[in-house]
Amino acid sequence: MDRVQTAEHGETAEPVNSSAADATPEPSPEPTPGPASGSPPLRHRHRVMAWAAGLLMVVPALVTACRALDTDAVTPVPQLLAFLPWLTVPAALALLLAAVTRRRVLTFVTVLVLGATAWSTVPYMPQTVISYGLPLARVKVIAANVEFGQGTGSLVELVRRERPQLVFVSECDRACRSTLTKTFAAALPHYASVEGEGSTGSIVLSSYPLTDWRMIPAAMGMPGATAEIAGVPVRLQLAHPLPPVPRQVSLWKRELGRVKDAVAAQRTGPMLVAGDFNASQDHAAFRAILAAGGLQDAARRADRSRAPTWPTEGPLPPFVQIDHVLVRDFSVREVRFPDIPGSDHRAVLADLDLRGPR
């Protein structure tokens, strides 16, 4: 039909195609997500990983920088330096996260931090050329911290088994001193000691006669004496400075400085300095003692300078070597680290040769 006129209005309407009116409109297709639609969450994850990498780098970078600058700085650096070899773990994790984010600058920085941390863990040794004379005597040394005397019984068994000529004992209270001097009255009749309770007592037991007894002023006993071995005077010194806990780092540095001054005062002739230094080779104050006295760490000479000696009690396994035997004019045959049940330290057992003049 051509036109339809409405009855009420008389208006003419356009014809309606009934088939088109009845058809249901097709829904428009859902937009297919493009590659960029997932990028905001991905960018967010990368941003979080980048921040995590940066935070993981802070401690390794700080501690490694202090190690490179030869400073123990202030708390918490002296405490964290004890963990230096283990700081390669967060540094490596930071590198992994940085690589995932594909941020070149961040990845480059994490590579530098990891490399510097790993380099800092290389065992320290003073740059000196060692020339020895003929061997004069074989000397076996034990250095042990018996933790307030609690490991005295274990130390007695160790001394009986190993038969050393010199024994340096830290935290040897009066009962410990009495036990050791009576038990080894025949084998180790000579001694120099500082009497005290708890951690303040210390003793050096010797099979050789002792003269020139001296003590380094300190909160805990640090006796010293001179032994005559194969006709040669050998200076002996026990070291036991305060630990570098927060609020007494300055005291720890001062007492290690006194040990350094004592060894520097006698720069010639054989010397043995042994004990619980409360410091590792990664502490600048400990390295200063080696440099001042021309001393060698016996464990380093035996390639055992990363063998941990503390703590042997508590939730953490031993992670740092703070017990040392330092030598001058001695060559090193062997170094071992026997357990001392009852104490939180392992002992250091060094088998040495006293050498004659070069």
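How many bridges join strand β4 to strand β6, and do these strands run parallel or antiparallel? Five bridges link β4 (residues 166–170) with β6 (residues 202–206), and the two strands run antiparallel. The model described here is predicted.

## The six-stranded sheet

The β4–β6 pair belongs to an open sheet of six strands. The strand order is β5-β6-β4-β3-β14-β13, and the pairing is mixed. The edges are held by β5 (190–194) and β13 (330–336). Each edge strand has a single partner, so one side of each is left without a neighbour in the sheet. Direction ignored, neighbouring strands are turned against each other by 15 degrees on average.

Ser170 has Ser202 of β6 as its bridge partner.

## Helices across the sheet

Two helices lie across strands of this sheet. Helix α6 (residues 152–162) lies across β3 (135–145), β4, β13 and β14 (348–355). Its direction is at about 165 degrees to β3.

Helix α7 (residues 174–183) lies across β4, β5 and β6. Here the angle to β6 is about 5 degrees. Strand β4 lies under both helices' lists of strands: that of α6 and that of α7.

## The α4–α5 helix pair

Two packed helices are described by the angle between their axes and the distance between the axes. For α4 (residues 88–101) and α5 (residues 104–120), the axes come within 9 Å and cross at roughly 160 degrees. That angle makes α4 roughly antiparallel to α5. The crossing is left-handed.

From α4, the contact takes in Thr88, Ala91, Ala92, Ala94, Leu95, Ala98, Ala99 and Thr101. Facing them in α5 are Leu106, Thr107, Thr110, Val111, Val113, Leu114, Thr117 and Ala118. By class, the contact has 11 nonpolar and five polar residues, and no charged ones.

## Two individual residues

Arg67 lies in helix α2 (residues 39–68). Its relative accessibility is 12%, so Arg67 counts as buried. Leaving out residues up to four places away in sequence, Arg67 touches Leu81, Leu84, Ser120, Tyr124, Gln281, Asp282 and Arg287.

Val245 sits in the loop between β9 (232–239) and α8 (249–264). With a relative accessible area of 37%, Val245 is partly exposed. Val245 and Pro76 are 169 residues apart in sequence. In space, their C-alpha atoms are 9.0 Å apart.

Methods: Residues numbered from 1 in each chain as written. Predicted model: local features only at pLDDT ≥ 70, side-chain atom pairs only at ≥ 80, totals over all residues. Heavy atoms only, no water. Axes fitted to C-alpha atoms, helices over the stretch in contact; angles between N-to-C directions. Helix = DSSP H or I, 4+ residues; strand = E, 2+ residues; numbered from the N terminus. Parallel < 35°, antiparallel > 145°, perpendicular 65-115°, else oblique. Left-handed = near helix turned anticlockwise from the far one by under 90°. Contact = heavy atoms within 4.5 Å. Nonpolar A, V, L, I, M, F, W, Y, C, P; charged D, E, K, R; others polar. Pairing = 2+ DSSP bridges. Buried < 20%, exposed > 50% of the residue type's maximum accessible area, 1.4 Å probe, protein only.
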